[in-house]
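Hello,

Here is the structure we talked about handing over. Please open it alongside this note, and then read on for what was found.

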Amino acid sequence: MTGTGVLAEARTPTRGRTSGAGRPAWSAFVVVVALLVATPVLAVVLDGVGSVGDTAPPRGIVAMVLTTLALMVGVAAGTLLVGGGLAWLVTAYHFPLRNVLVWLLVLPLAVPAYILGFVFLSVFDVAGPVQSALRAVLGPDVWVPEVRSLPAAVLVMSLSLYPYVYLLVRAALIEQSAGTYDAARTLGAGRARTLRRVLLPLARPSLAAGLSLVMMETLTDFATVQYFNVQTVSVGVYLVWKGTFDFHAATQLAVLVLLFAVAVLTGERALRGRARYHQQGGRGQGLQPERLRGARGWAATALCITALAAGFLIPVLQLLVWAVGEAGKSGVLTDPRFGEYLVSTLFVASVTALACVALSVAVGHAVRISGGRIAASAAQLTTFGYAVPGAVVGIGVLIAFAAVDTALERAGVPGGTGILVTGSVLGILYAYVIRFLAPAYQAVDASLAKIPPTVTFAALSLGATPRRILTRIHAPLARPGVAVALMLVMIDAVKELPIVLLLRPFGFTTASVWVYELARENFWEKASLPALVIVAAAILPVVVLVRQARRAETRGRVDA
């Protein structure tokens, strides 16, 4: 490299951002977006903390806290057992159908827990085929465990969420360097001891990340726990608000939900520890899958198929059977509500996706143009809404809009914003943007990070304005990230439930709410078609995820 080249590289700013440009307008834009995201959550915290002592604590708050703890710990243990065990099985061993099952095991991620939950109840509840068969064979007094219970909720959510742990742990095991494994084997450690003393400690960061994802999903779940009569603090927020309209009690519970979320994130940091892991390369063979023959091999195959069937095949097959049966009845598929709710779902999801992507591109561009720490910090703040449960975001939006109404009325505007925000879908869209801006920004920022800073420098030195750089350089080059962001946000928006339940105006319903309401009334067959629509939509990001994982694995083999 020439001396000029070294000098030019030394002046190139790190992390893909220009430095010293000092464009306060773009920095201010990022700060405004961050404030719009943070305001509802801060409003919840201020109202909840400020009302302590002024109103009685919500009834049953201790039981709700203990139940939430038990559910989160139970689901974390279940996903660790199923997801971690399957990851080790498909990585360390060869067995029949292993090359296919290694990817199919991700599919339960496409079935939301609340859909798996009502299919589970239809099969195992009192009127289901399992208990009916038991009573027919063993008599009407045969004892059967209570299905609508905390253990059953733990089982269902573990089967739905285990792919998070499975994917991350498997990736961590594959990324282990050959030298690490070979060194342990050379020193006399067996496969089991090498796993326990070497591989698992090195996979600890991935394990912590997977478990934190699972616990956050468990904390934010709303419908599944209600099917199984499990009352968590997230459910309590909705029930207190809708049942008693005690706003302060609802915000106090929402603050508790936030504390749980903070505890999960803190726990993830603690589980990772302060250690830093750096892999050293090597020319050894590393962890080579051991071939399982005969009964052991088929037992491993049966184990994988059981998990896949319980989490994906059986529920989807049951939904298809119900949907085909309902299609034969007159007036089911021609129900005008189906088209109406589907249009509402697509409308909300599309507008949310476009808004999130537009904000993400603008924020990412502003961070690169301004190059300041304030803009960078504010950009990170725009992503924290994804860690906040939907019920908390919904309550926060209500508080924020109520404050705006009060301010407008004091300014002489009768009724404030009135029906414009609290009686329309505007509040839902605002809450959705807060909730789903994070995945959009991360996808777009990943594409923007691939643009060399010298490209932006060159455009600026040639006199291009920041707006022209945005429309002619940054936005076109970020198209791959934009496409991924649109898809991720739309899928999340289609599945979202508590925000719509809290904020929807009269007569407005989405597919997720329709499924939830039909399933609560035990209309399993009628809920099957909208549930299949949600599952079909959720399969798309799972397929993309699998393709990315396969490419990364292939590149890793080539590099090795």
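Start with Thr 79. Its relative accessible area is 0%, so Thr 79 counts as buried. Thr 79 sits in helix 3, which runs over residues 61–92. Setting aside neighbours within four places in sequence, Thr 79 is in contact with Gly 84, Ser 158, Leu 161, Tyr 162, Val 165, Leu 211 and Val 214. Please keep in mind that this is a predicted model.

**The chain as a whole**

The chain has 25 helices and two strands. It holds 560 residues, and 50% of them count as buried. The accessible surface comes to about 27,000 Å². Carbon and sulfur atoms account for 65% of that surface. Now take the contacts between residues at least 6 apart in sequence: 84% of these join residues at least 24 apart.

**The core**

Which residues have the most contacts inside the largest nonpolar core? They are Ile 115 and Phe 118, in a core of 169 residues. Helix 19 gives the most to this core, with 13 residues. Phe 118 touches Tyr 227, Leu 319, Trp 322, Val 515, Ala 519, Trp 524, Ala 527 and Ala 531. That list does not count residues up to four places away in sequence.

**Salt bridges**

How many salt bridges does a search of the whole structure find? Three.

Arg 148 and Asp 125 form one of them, with their side chains meeting at 3.0 Å, N to O. Arg 148 is in the loop between helix 6 and helix 7 (150–174), while Asp 125 is in the loop between helix 5 and helix 6, so the pair ties together parts 23 residues apart in sequence. Are the two partners buried or exposed? Arg 148 is partly exposed, because its relative accessible area is 23%. Asp 125 is buried, because its relative accessibility is 13%. The cut-off for buried is under 20%.

Another salt bridge joins the side chains of Glu 496 and Arg 435 at 3.9 Å, N to O. Glu 496 lies in the loop between helix 22 (479–495) and helix 23 (498–503), and Arg 435 lies in helix 19 (residues 426–449), so this pair ties together parts that are 61 residues apart in sequence. Both Glu 496 and Arg 435 are buried.

Glu 517 and Arg 504 also meet in a salt bridge, at 2.8 Å, N to O. Here Glu 517 is in helix 24 (residues 511–520), and Arg 504 is in the loop between helix 23 and helix 24; the two are 13 residues apart. Glu 517 counts as partly exposed, at 30% relative accessibility. Arg 504 is partly exposed too, with a relative accessible area of 25%.

Ser 149 has a relative accessible area of 16%, so it counts as buried. Leaving aside neighbours within four places in sequence, Ser 149 is in contact with Phe 228 and Val 230.

Look next at helix 9 (residues 191–202). Its buried residues are Arg 191, Thr 194, Leu 195, Val 198 and Leu 199. Why do they fall on the same side of helix 9? Because they cover an arc of only 130° around the axis. An α-helix has 3.6 residues a turn, so residues three or four places apart point the same way. On the other side of helix 9, Ala 192, Arg 196 and Arg 197 are exposed.

In soluble globular proteins, nonpolar side chains tend to be buried together. Even so, there is a nonpolar surface patch here of about 440 Å². Phe 124, Val 130, Leu 134, Val 137 and Leu 138 make it. Helix 6 (residues 129–138) gives the largest share of this patch, four residues. Phe 124 belongs to helix 5 (residues 113–124). At 35% relative accessibility, Phe 124 counts as partly exposed.

Best wishes

Methods:
Residues numbered from 1 in each chain as written. Predicted model: local features only at pLDDT ≥ 70, side-chain atom pairs only at ≥ 80, totals over all residues. Heavy atoms only, no water. Patch = residues over 30% accessible without salt bridge, like charges linked within 9 Å, V, L, I, M, F, W, Y side chains within 5 Å. Areas by Shrake-Rupley, 256 points an atom, 1.4 Å probe, with all protein chains shown as cover. Salt bridge = Lys/Arg side-chain N within 4 Å of Asp/Glu carboxyl O. Buried < 20%, exposed > 50% of the residue type's maximum accessible area, 1.4 Å probe, protein only. Arc of directions from axis to C-beta. Core = buried A, V, L, I, M, F, W, Y, C linked by side-chain atoms within 4.5 Å. Contact = heavy atoms within 4.5 Å.
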